[in-house]
Amino acid sequence: MSKVISDESIQRVNQGNCFGFIRYVLAIDVIVGHFYTLLNPDIGFWHYNGYRFPEAGFFVLSGFLVFLSYHLSPNLKVYFEKRARRLVPAYVAVVLLCVALGALITTLSAGEFFGSAHFWRYFFANITLMNFIEPTMPGVFDGNLVAAVNGSLWTIKAEVLLYFTVPVIYVLAQRFGKTRVIVTVFALLAVAFTGCVYVHETTGNEAINMLAHKVLLPFGYFYAGTAILLYLEKFLRNVWWLLAVAVVLFMLRSTSAVLLELAPFSLAVIIGAVGMKCRWLNRLGRHNNITFGMYLYHFPVIQVVGMCGLQHVSLALSMVVVFAVTIAISLLSWFLLEKPIIEHKRLFEPLLRATVVKKTSKK
């Protein structure tokens, strides 16, 4: 079987990068974009062709880092446990906090609220990652421009789905070679996406449109990030001219369908180049990275600000409040919930001991 990721590539990543800093840039962009979408939709320049830059950037980073995490995991159980410990605690916390918030601000009585089929549909849909089934709660944010409680959660189901594909793609790359597998993945994605767009344009089927933009596009950005990792040494030897071409292609992506389909690659090149070549930027986010919390918690905070009408008093003050409250909640979430669970190494010890014993017995 061929080696999927070289030791030299792992060494280069371990020497330092600024992916943590990039996460902060993307998280801030998400917050600003949703702020204007929810409170002042006349300013819409954070959007492009139905897909937003920061969400795409997060998928690129996940493709790079999660694939590397799988490669470095001693077995499948450890890999999935690491993914679960990173994602589940904060996700469950934000769903429960939104339920508590809804109960406090709903226009219904407590009995009507908790006795509503609407509420239970919201709760079970969101706790099981299917927030698109019911994004609203009864009597909550009905007067806002958008009634969704937390529109950021849609990416999590795509992330989880992608986590399950990583072991499959990795094994296939070992068996058939990474180039053949990656080319096949992108060829299939291109055919599937083009087909979905055609069906949507001819039939108006929104479920097909959702499949294209909420599942297939994340796959494209995720595995574009993975491709940078798989060919990291070659990428870094040619990084500057690749970066120049990628910036031009990404800026012109709206001018042609071909360039738009190349957007995952151009964005992955930009993020890979900045992440690996500007490691001095990673003073922010090196140890305590709260960007996942910022991503999860900001949307309901913006909705509360909108419900209170603070944006009509001062848009600038509203932005300050949104960032201050979001960062405060994210810090509490990180230090009280996420970090303790992520760093609880004893959860791994039985699995690691079993792996060591297994390897020793083979010798």
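## Helices α7 and α9

Helix α7 (residues 154-176) packs against helix α9 (residues 206-230) at an angle of about 50 degrees, and their axes are 10 Å apart. Helices (H or I, at least four residues) are DSSP runs numbered from the N terminus. Axes are lines fitted to C-alpha atoms, for helices over the stretch in contact, and angles run from 0 to 180 degrees between N-to-C directions. α7 and α9 are therefore oblique to each other; angles under 35 degrees count as roughly parallel, over 145 as roughly antiparallel, 65 to 115 as roughly perpendicular and the rest as oblique. The crossing of α7 and α9 is right-handed, a term used if the near helix is turned clockwise from the far one by less than a right angle.

On the α7 side, the residues that meet α9 are Trp-154, Ala-158, Leu-161, Leu-162, Thr-165, Val-166 and Ile-169. Their partners in α9 are His-213, Lys-214, Val-215, Pro-218, Phe-219, Phe-222 and Tyr-223. The residues of this contact between α7 and α9 comprise 11 nonpolar, two polar and one charged. Contact means heavy atoms within 4.5 Å. Ala, Val, Leu, Ile, Met, Phe, Trp, Tyr, Cys and Pro count as nonpolar, Asp, Glu, Lys and Arg as charged, and the others, Gly among them, as polar.

## Basis of the model

This is a predicted model, in which local features need pLDDT of at least 70 and side-chain atom pairs count only at pLDDT 80 or more, while totals for chains, interfaces and linings use all residues. Residues are numbered from 1 along each chain as its sequence is written, and side-chain values use heavy atoms, with hydrogens and water left out.

## Helices α3 and α9

Helix α3 (residues 53-72) also packs with α9, at an angle of about 45 degrees and with the axes 7 Å apart. That makes α3 oblique to α9. α3 passes α9 in a right-handed crossing. From α3, the contact includes Phe-59, Gly-63, Phe-64 and Phe-67; from α9, it includes Pro-218, Phe-222, Tyr-223 and Thr-226. The residues of the contact of α3 with α9 fall into 14 nonpolar, four polar and no charged.

Thr-226 belongs to helix α9 and is buried, at 0% relative accessibility. Buried means under 20% relative accessible area, exposed over 50%, and partly exposed in between (1.4 Å probe, protein chains only). Apart from its neighbours within four places in sequence, Thr-226 touches Gly-63, Phe-64 and Phe-67.

## Helix α8

Helix α8 (residues 178-203) has 26 residues and spans 37 Å from its first C-alpha to its last, close to the 38 Å expected at 1.5 Å a residue. The expected span is 1.5 Å times one less than the number of residues. Buried residues of α8 include Val-181, Val-185, Phe-186, Leu-189 and Phe-193, and the buried residues of this helix pack against α7, α9 and α13 (263-277). Gly-204, with a positive phi near 75 degrees, follows α8.

## Loop residues

Most residues other than glycine have a negative phi. Leu-129 is not a glycine, yet its phi is positive, about 75 degrees. Phe-141, also a residue other than glycine, has a positive phi near 60 degrees. Leu-129 sits in the loop between α6 (117-127) and α7, and Phe-141 is in the loop between α6 and α7. Leu-129 is buried at a relative accessible area of 16%, and Phe-141 is buried at 3% relative accessibility.

Gly-309 lies in the loop between α14 (291-308) and α15 (310-313). Gly-309 is buried, with a relative accessible area of 15%.

How values were computed. Helices (H or I, at least four residues) and strands (E, at least two) are DSSP runs, numbered from the N terminus.
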